[in-house]
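Thanks for coming, everyone. Please look at the screen while I go through a few residues.

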Amino acid sequence: FITTDNGTQHPLTVEIEKVIDIFTRMGFSAVESRQIDDDFHMFESLNFPKDHPARDDYDTFKTADGLIAPAHTSTMQNRILRAGAKQLETVGHIASISYGRVFRNEDVDVTHEHTFHQCEGVFVSKDASISQLLGTLRSFFETYYGQKLNIRTQPAYFPFTEPSLEFLIEKPSSIGGRKGQWLEMIGCGMIHPN
């Protein structure tokens, strides 16, 4: 069971528990993302331009009151950074993950779903680097799949990271992969200065 900010407890799936366990053993705190949020946390604080297609009603689920069913757990980034400001001063870093259900207006097929779970990490320190990011991700996925993995990255664009990358792993043998088969696992990057 996970206890939320308001003190209620609810069961998590085994896979989400496994993800949280790996990251907390790596020194990250874990916070559950919200299932309804506002424009500021969904777009504005994440550097989305006013005319970005993700802001359109056909791309994002919105209530009549203008609240949003988050399409990503990045909605927690601003909250994590603000809550960790004192920790950054005293300990020298912020290390946290946010996890939860996200909602996208997608055509459902083998690789797309309108509702799924996502996890995002936030790490801030004076000497944070891309190599630390890639090392952390490699360590996570190798622990998750229980084997050494080959990785690669390719350039990407996300409004809230700079530089932005897509992180791929060679498909693990533990899930039937063969050499040369690559899986895009996540988008990642350094938190945008804005």
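Is Glu 142 buried or exposed? Keep in mind that this is a predicted model. Glu 142 is buried, because its relative accessible area is 15% and the cut-off for buried is under 20%. The residue sits in helix H5, which covers residues 130-145. Set aside its neighbours within four places in sequence, and Glu 142 contacts Gln 147, Lys 148 and Leu 149.

Next, Arg 79. This one belongs to helix H3, residues 77-83. Its relative accessible area is 16%, so Arg 79 is buried. Which residues does Arg 79 contact, leaving aside neighbours within four places in sequence? They are Arg 34, Asp 37, Asp 38 and His 41.

Now the surface. Asp 59, Glu 106, Asp 107 and Asp 109 form a negative patch there. Take Asp 109 from that patch. You find Asp 109 in the loop between strand E4 (93-103) and strand E5 (115-125). Asp 109 counts as partly exposed, because its relative accessibility is 43%.

Two backbone points to finish. Where is the cis peptide bond that joins Glu 162 to its partner? That bond links Glu 162 and Pro 163, with omega at about 0 degrees. Pro 163 lies in strand E7, residues 161-170.

Then Asn 47. Its phi is positive, about 75 degrees, although Asn 47 is not a glycine. Look for Asn 47 in the loop between helix H2 (39-42) and H3. With a relative accessible area of 27%, Asn 47 is partly exposed.

Notes. Residues numbered from 1 in each chain as written. Predicted model: local features only at pLDDT ≥ 70, side-chain atom pairs only at ≥ 80, totals over all residues. Heavy atoms only, no water. Patch = residues over 30% accessible without salt bridge, like charges linked within 9 Å, V, L, I, M, F, W, Y side chains within 5 Å. Areas by Shrake-Rupley, 256 points an atom, 1.4 Å probe, with all protein chains shown as cover. Salt bridge = Lys/Arg side-chain N within 4 Å of Asp/Glu carboxyl O. Lys, Arg positive; Asp, Glu negative; His and termini not counted. Charge placed at Lys NZ, Arg CZ, Asp CG, Glu CD. Helix = DSSP H or I, 4+ residues; strand = E, 2+ residues; numbered from the N terminus. Buried < 20%, exposed > 50% of the residue type's maximum accessible area, 1.4 Å probe, protein only. Contact = heavy atoms within 4.5 Å.
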